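Student: I'd like to learn how to read a model like this one. Could we go through it together, one feature at a time?

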Amino acid sequence: MFWTAVVVSIVHYTDNFANYGDYPHGNGPEPSAGVVLAAWFVLTPFGLAGYWLYLHGRIRAGALLLIVYSTSGLVGIGHYTVAGMTDQPAWRQAHVVGDVLLGSAIFAFALWSIVALPRTYRALTSF
């Protein structure tokens, strides 16, 4: 799921940056194309670090970083706060909705990991 989220976010953020003018815009403040692109480069390292920590047994630390990364997909909900987004082509809807769903899934998984799992995998195997 994590690597699928990374790939979908690459498609979404690249399209959002390259075709910024094709996306509907509201009347209020919104990020520029450059800020959108920069957000991907800021958030993705949190996901990579969280994934690495999680795989190496640092469950809570990894999960916390994955929660930060999940916002990369969750912010896609903002596209639907302005009129016209549902009129966009199906391929654009697919990657935006996919990014939101994957962000939601990563958030839910990470939160579950914090609540339900021990701090580390080593805690499971130290008996």
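This is a predicted model: local features need pLDDT of at least 70, side-chain atom pairs count only at pLDDT 80 or more; totals for chains, interfaces and linings use all residues.

Student: Which residues does Ser72 touch, leaving aside neighbours within four places in sequence?

Tutor: Ser72 is in contact with Ser9, Tyr13, Leu43 and Asp99. Of the helices around there, helix 1 covers 2-18, and helix 4 covers 90-116.

Student: Let's zoom out. How many helices and strands are there?

Tutor: The protein chain has five helices and zero strands. Read from the N terminus, the order is simply α-α-α-α-α. The C-alpha atoms fill a box of roughly 60 × 25 × 25 Å along the principal axes.

Student: How do I check the length of a helix, say helix 2?

Tutor: Count 1.5 Å a residue and compare that with the distance between the end C-alpha atoms. Helix 2 runs over residues 33-55, so its 23 residues should span 33 Å; the ends are 34 Å apart, which agrees.

Student: Which residues of helix 2 are buried, and what covers them?

Tutor: The buried ones are Ala33, Val36, Trp40, Leu43, Thr44, Gly47, Gly50, Leu53 and Tyr54. Their cover includes helix 1, helix 3 and helix 4. Just after helix 2, have a look at Gly57, which takes a positive phi of about 90°.

Student: What about the chain as a whole: how much is buried, and what is the surface made of?

Tutor: Of the 127 residues, 37% count as buried. The accessible surface comes to about 7,100 Å², and 73% of that belongs to carbon and sulfur atoms.

Student: Last one: what does the pLDDT say?

Tutor: pLDDT is about confidence, residue by residue. The average here is 91, and 92% of the residues score at least 70. Over residues 123-127, though, the pLDDT is below 50, and that stretch has two contacts in the model beyond near neighbours in sequence.

Definitions and conventions: Residues are numbered from 1 along each chain as its sequence is written. Side-chain values use heavy atoms; hydrogens and water are left out. Helices (H or I, at least four residues) and strands (E, at least two) are DSSP runs, numbered from the N terminus. Buried means under 20% relative accessible area, exposed over 50%, partly exposed in between (1.4 Å probe, protein chains only). Accessible areas come from the Shrake-Rupley method with a 1.4 Å probe; for residues, only the protein chains shown count as cover. The expected span of a helix is 1.5 Å times one less than its number of residues. Contact means heavy atoms within 4.5 Å. pLDDT is the predictor's confidence in each residue, from 0 to 100.
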